[in-house]
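Please look through the sequence and the structure shown here, and then read the short report that follows, which goes through a few selected features one at a time.

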Amino acid sequence: MVKCHYCEREAVVRLPYAKLNLCREHFAEYLLRKLERSVNRYKMFGKGSRVVVGVSGGKDSVTLTKLLSESGLAKMLVVHVNLAIGEYSRISVETVRRFSVEHGLDYLIVDLSEYGIGIPELVAKTKRSPCSVCGMVKRYVLNALTMDLGYDALATAHHGDDMAVYIVKSFLLQDYDQLYKISPVNYEVPGLAARKVKPLYEFYEFEVETFAKLYGLPFVSVKCPFKHVGWLESYVRELLDRAEEESPGFKVSLLRSHARRTMSMRSAEQAQPKACASCGLISSGTECSFCRFTRRALGQPMGLVVRRWIIGKA
Ligand code: SF4
Ligand code: ZN
Ligand code: ZN
């Protein structure tokens, strides 16, 4: 039996980058401390802040929410965007509802189909990839909600494995605007954009998944039917996994160096922020990407419609 580094119990997880074997209890304590360190290291938010947590119902978002709630660092509102993707969305909504009720958390579900902007409806009207449309819609709704309900920050559950892939992929594509957006913290633009934080920025995916399973958290394990991973992303992920195997901790070093260099930089949208002429939130041009997209796809910009619904919930 391999013993826990801190006690006599059996170890249930090994963290190669920290050279630690841990039992269930000490693993949870380790992750909790890691979360608190990340929030403080990157000055994500102060103790007692009001934070919206975007929860898809996957293992990453339920783990983030559970850890944040255990830490007592923030007053949270769980927000789920119902993407209206058939059975996948039905299961996701139910999982988030169950998780929130079981943990006594305040939650809000934004149902896109109420406005005719469910992802399948939008995807049918464009040549853009489903994930790029979906990402843009989720970003818009969560930003608007955090702004309009007056919360201090928006937390999402992007973990380090994904962040490292996006950094290297954006560099290979020389997409510097995207590269500057990948950060543990994107600062608020008063009146236009909420502060966005990624408390799991330095977490490995296996840590997040192990925690969710060890603590029996409900999470969605069915795949979204639109999920598609391109060849470049697969290639970069494989490369980074091999680097991590050769040199445990490689990904976190990469993430920290990236954060040191880019946290003070601004994407084009943040450097010269403008207010969208239709909805009033952040935009790089006359209209924000959400209003521009919905105007083209549906004949009218939907930003204000969504914002009015949110304000009705305040
Ligand atoms: Fe949205 Fe793509 Fe994720 Fe499906 S896989 S939920 S379309 S981002
Ligand atoms: Zn222990
Ligand atoms: Zn707009």
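## The site of ligand 2

The four donor atoms of the zinc ion (ligand 2) make angles of 102 to 114 degrees, and the site is tetrahedral. This description, like everything that follows, refers to a predicted model. The coordinating atoms are the SG atoms of Cys4, Cys7 and Cys23 together with ND1 of His26, at 2.1 to 2.3 Å.

Along the sequence, the donor residues of this zinc ion (ligand 2) follow the spacing C-x2-C-x15-C-x2-H.

Cys276 is found in the loop between β9 (274–275) and β10 (282–283), whereas Cys291 belongs to helix α12 (residues 289–298), so the pair ties together parts that are 15 residues apart in sequence. Cys276 and Cys291 are both buried.

## A nonpolar surface patch

On the surface, a nonpolar patch is formed by Phe171, Leu172 and Tyr176, which together have about 290 Å² of accessible area. One of these residues, Tyr176, lies in helix α7 (residues 176–181), and Tyr176 counts as partly exposed because its relative accessibility is 34%.

Note on methods. Residues are numbered from 1 along each chain as its sequence is written. Chains are lettered from A and ligands numbered from 1 in the order in which they are written. This is a predicted model: local features need pLDDT of at least 70, side-chain atom pairs count only at pLDDT 80 or more; totals for chains, interfaces and linings use all residues. Side-chain values use heavy atoms; hydrogens and water are left out. Helices (H or I, at least four residues) and strands (E, at least two) are DSSP runs, numbered from the N terminus. Buried means under 20% relative accessible area, exposed over 50%, partly exposed in between (1.4 Å probe, protein chains only). Patches are made of residues with over 30% relative accessible area and no salt bridge: like charges are joined within 9 Å, nonpolar side chains (Val, Leu, Ile, Met, Phe, Trp, Tyr) within 5 Å. Accessible areas come from the Shrake-Rupley method with a 1.4 Å probe; for residues, only the protein chains shown count as cover. A salt bridge is a side-chain nitrogen of Lys or Arg within 4 Å of a carboxyl oxygen of Asp or Glu. Donors are N, O and S atoms within 2.8 Å of the metal (3.2 Å for Na, K and Ca); water is not among the atoms, so sites may look incomplete. Four donors count as tetrahedral if all angles lie between 85 and 135 degrees; four count as square planar and six as octahedral if opposite donors are over 155 degrees apart and all others between 65 and 115; anything else is irregular.
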